[in-house]
Amino acid sequence: MELSGDRLRGCLRIAFGSAAGMLVAKVMGWNFGVFFTVYPMLLLGMVPVLNRFVVLQFVGAALLSSLEIMLLPGLLGHWPPAYTAVVFCLFLGRFLLMARGPLMLFGASGCVSLSIMLHFASYRQFELADMAASNIVAALLSVALAYVAYALLPNRAPPQPRALPAKSDNVIRHQALLGATVATLSFVVFQSVDLVDSLSAQVATVLILFPMSFAGAVQSGRLRCAGTLLGCALGMLFQLLLYDHYHNLLLLGLAFWICAMLFARLHAREPMPGVGFAGLTTIGILFGQYVTPEHDLMFSALYRFTSMTVAILLTLCCIYLVHKLLNLFPSTRHEILG
C-alpha cells in the first residue's frame, strides 16, 4: 500500500523526533534514555494532531508521574500493602480517563511513565530525583521536537478525528478495573523479582492493556510479539553492521533513524497501533536505554524478546481471569452499546 504525502510526512516526523531525542540524551550524557526515544514516538505516533490540549495532557502526565515517584517510595516503600493500594488507585484513575476518551493521551502516557519509573524505583542504583527530572525534561524536549517536526513537515490536509465508540457505564467501569488490576499485578511482580534488565517486558505488560478488553489484548499481544521480534532482529542487524563502531554517535544516530523510519512506515500502514508501533518502542528501548560506549545491544536484544514473550503470555492469562471475574457482576459487565 502506497503512503499518501501526509502519512509519509508523519513517518519522517516520528523518525526525526525519536532520533533527535536519542542523540540529545547521548550527547548530554543523561540517564534514562528510554524516555527521550519513546516519548517522541508516543507524541508523534499516537495522536494525529499537535495542539495546546495535546501538549497540556502530555506534559501534565509527565509532571504528575514525576511528583508521584518522588513521594510514593519514600512515604510508603516500607509498607507494601499500602504502597500497592495507592498504585492501584493511580492506575485506576488513568485507565478511567482512557476508557472515557477525551483525556486518553493523559492516561496512556501517564501509565507508561509511571510504570517505567515504578520499575526503576525498586532498585537502589537509580536516583529518584534524577529519574523524575529526566522524565520531565524528556517530555518537554519531546514537545519541542514535535513542534519543530510539524514546522518542517506540516500536514497538507486536516487530519480526520477518530470517532469514539459509545460505551455504557458498566463498560467504562469494566475497562478501568481490568486495566488497573492487571497493571497493579505487573507492578507487584516486578517489585518482587529481580528483573532490572526486563524493561521491555514490563512496558509490554502495560501497553497490551490499552485496548482495555480481553479480545483486544490478545490481538495487541500477538502484534507486539511480532513487532518486538522484528525490532530485536533489525537492532541486531545494525549492531553487526556497526560492529565495534556503535559508540560513534553519527553512525548510531543514522542506524536508529533508519530503524525508526522503517517501523514508522509500517505503523502508518496499520489502521491501529500494532506491529509497527511495537517495533518502534522496541528499538527505542534498545537504542535509548541499553546502547552505551561500554555496552552494545546484542545480548539485550535476545533477552528482550524472550522475557517480553513470557511476560505477555502471563499478562494475557491475568487479563482473561480478571475479565471473567468482572463479568460476574452486573455493574461491571462488558457490553458495548451501539
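**Figure 1. The protein chain at a glance.** Residues 24 or more positions apart make up 79% of the contacts in the protein chain that have a separation of 6 or more. Please keep in mind throughout that this is a predicted model. The protein chain holds 12 helices and zero strands, so its elements, followed from the N terminus, read α-α-α-α-α-α-α-α-α-α-α-α. Of its 338 residues, 53% count as buried.

**Figure 2. Helix α5 against helix α8.** Here we look at the packing of helix α5 (residues 104-121) with helix α8 (residues 199-207). Two packed helices are described by the angle between their axes and the distance between the axes. For α5 and α8 the angle is about 145 degrees, and the axes are 10 Å apart. Their crossing is right-handed. On the α5 side, the residues that take part are C111, V112, S115, I116, H119 and F120; on the α8 side, they meet L199, Q202, V203, V206 and L207. Sorted by class, this contact of α5 with α8 has eight nonpolar residues, three polar ones and no charged ones.

**Figure 3. An edge-to-face pair, Y39 and F58.** The model has a count of six aromatic pairs. A pair of aromatic rings is described by the distance of the centres and the angle of the planes. In the pair of Y39 and F58, the ring centres are 5.7 Å apart and the planes stand at 80 degrees, which makes the pair edge-to-face, because planes over 60 degrees apart count as such. Y39 belongs to helix α2 (residues 33-45) and F58 to helix α3 (residues 52-76), so this pair ties together parts that are 19 residues apart in sequence. Both Y39 and F58 are buried.

**Figure 4. The ring cluster and the loop residue F32.** Zooming out from the previous pair, we find F32, F35, Y39, F58 and F120 linked into a cluster by ring pairs. One of these residues, F32, lies in the loop between α1 (5-28) and α2. F32 has a relative accessible area of 4%, so it counts as buried, the limit being under 20%.

**Figure 5. A charge over a ring, R13 and Y150.** In this view, the charged end of R13 sits over the ring of Y150. The distance from that charged end to the ring centre is 4.1 Å.

**Figure 6. The surroundings of S66.** S66 is found in helix α3. With a relative accessibility of 2%, S66 counts as buried. Which residues does S66 contact, leaving aside its neighbours within four places in sequence? They are M117, A132, N135 and I136. S66 and G110 are 44 residues apart in sequence, while their C-alpha atoms are 9.7 Å apart in space.

**Figure 7. The surroundings of G276.** G276 has its place in helix α11 (residues 275-290). The relative accessible area of G276 is 0%, so this residue is buried. Setting aside neighbours within four places in sequence, G276 is in contact with F263, L266, H267 and E270. G276 and A226 are 50 residues apart in sequence, with a C-alpha to C-alpha distance of 9.2 Å.

Methods: Residues numbered from 1 in each chain as written. Predicted model: local features only at pLDDT ≥ 70, side-chain atom pairs only at ≥ 80, totals over all residues. Heavy atoms only, no water. Axes fitted to C-alpha atoms, helices over the stretch in contact; angles between N-to-C directions. Helix = DSSP H or I, 4+ residues; strand = E, 2+ residues; numbered from the N terminus. Left-handed = near helix turned anticlockwise from the far one by under 90°. Contact = heavy atoms within 4.5 Å. Nonpolar A, V, L, I, M, F, W, Y, C, P; charged D, E, K, R; others polar. Phe/Tyr/Trp six-rings, centres within 6.5 Å; stacked < 30°, edge-to-face > 60°. Buried < 20%, exposed > 50% of the residue type's maximum accessible area, 1.4 Å probe, protein only. Lys NZ or Arg CZ within 6 Å of the ring centre and 35° of its normal.
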